[in-house]
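Biologist: Please show the sequence and the structure, and let us then discuss them in turn.

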Amino acid sequence: MSAAPDWAALRARFPLLAREVHGKPLVYFDSANTAQKPDAVIAAVDDFYRHHNANVSRAVHQLGNEATEAYEGARAKLARFLGARGEEIVLTSGTTFALNLVAHSWALPRLKAGDAILVTRMEHHANIVPWQLVAQRTGARIEVVALAPDGSLDLEMLHGKLTGAVKLLALTHTSNVLGTVNPVREICREARRRGIVTVVDGSQAAPHRPVDVAAIGCDFYAFTGHKLCGPTGTGALWARREHLEAMPPFLGGGEMIKEVRFEGTVFNDPPHRFEAGTPNIAGFAGLGAAVDFLEGVGMEAIRAREAELLAHLTEELDRIEGLRIFGRAPDKAAVVSFAIDGTHSHDLATLLDLQGVAVRSGQHCAHPLLQWLGVGTTCRASLAFYNTHEEIEAFVAALRRVRALLG
Ligand code: PLP
């Protein structure tokens, strides 16, 4: 067995975590929103602009080759990270782009009136609105799987809804509000048996646990680079090769073609067919470094570390009178949404900020879920492996102070 990672040393690799906010040591509990970046990622972006900057796949000169290497290198690393092949990875600006690509290039040409798209009540808007746009244009309808009181999926209802009308099931791997980790492997297996195509939103899962798309058995898996300790404006869509082969392009332009004539254009092969225009090359150099960094730590070690932090945080919060936690699924990521009776979540978050604590408050881009919870807004503390038990103590102490202030 390999030795446990040195978490303090790993934390020290994140320069921003050493700063103060409002004169207090920063407690960054907003990693579900965006993760902080280790020195290796910052160095990779810096190195790209200092030493390798050029456009990809166009120039024959040395810099062009180096830029292409950095970009294609990121694709290869992401493929390894997901247990996939490089030609199945479309590099995108993030999950939102990836899901819109599936909606536009897979769903729009295929769906028709009478078909259904199945989503769950816990989806982020990025995994709802693209399907609504498809439904509006094709006449398909959206159906919704409800949640059990603990915030896990109602699996009985889900299975009951896997009818012949359903052509596509879009669900999140991990909820960004409840922390619920869905049994995507079992769900995708059931869907596949019925010929239903599955799209998994891995935004909140890929940074926190090992992901193997072949084992999950889905058709599409989307995630975003900035939650994976990488730069903003990066992300990827993994797709089965047969889908990518059969899908028309989403955006047209340079890079996605083999030959252009006014009479007609021959499109490039996938995945480049879906990567029109100049991408965020430096960002992907950084994302490649992020993947190396996370693999160096070990995704299983990260999962275990965050489970331990979640247990500590939950235990502390459960001691605070009048505090309600939303989401108690048995398999849960280190995301804790909560409300305190008689206080508004924005007031809580604002006062916590003055204590140096960064948490998110609001509806977390999940209006239908918040409607189901019956609360206007929640506060959300979301952790990563670089957080510490001391930070949890500091956060809870700050929360108690803030609560006393709010009466
Ligand atoms: N899906 C989930 C579950 C998310 O948490 C997020 C980001 O908050 C997204 C999708 C959208 O990701 P991006 O804005 O990076 O495209």
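Modeller: Let us begin with Glu 88, which is buried (under 20% relative accessible area, 1.4 Å probe, protein chains only), as its relative accessible area is 9%. The model is predicted, so that local features need pLDDT of at least 70 and side-chain atom pairs count only at pLDDT 80 or more, while totals for chains, interfaces and linings use all residues. Residues are numbered from 1 along each chain as its sequence is written, and side-chain values use heavy atoms, with hydrogens and water left out.

Biologist: With which residue does Glu 88 form a salt bridge?

Modeller: A salt bridge is a side-chain nitrogen of Lys or Arg within 4 Å of a carboxyl oxygen of Asp or Glu. Side chains of opposite charge can pair when their charged atoms come close. Here the closest N and O atoms are 2.9 Å apart, and the partner of Glu 88 is Arg 85.

Biologist: What is the relative accessible area of Arg 85?

Modeller: Partly exposed denotes the range between buried and exposed, the latter being over 50%. Arg 85 is partly exposed because its relative accessible area is 45%.

Biologist: How many salt bridges does the count come to?

Modeller: Another pair is Glu 143 with Lys 161, whose closest N and O atoms are 3.1 Å apart. By this rule the count of salt bridges comes to 28.
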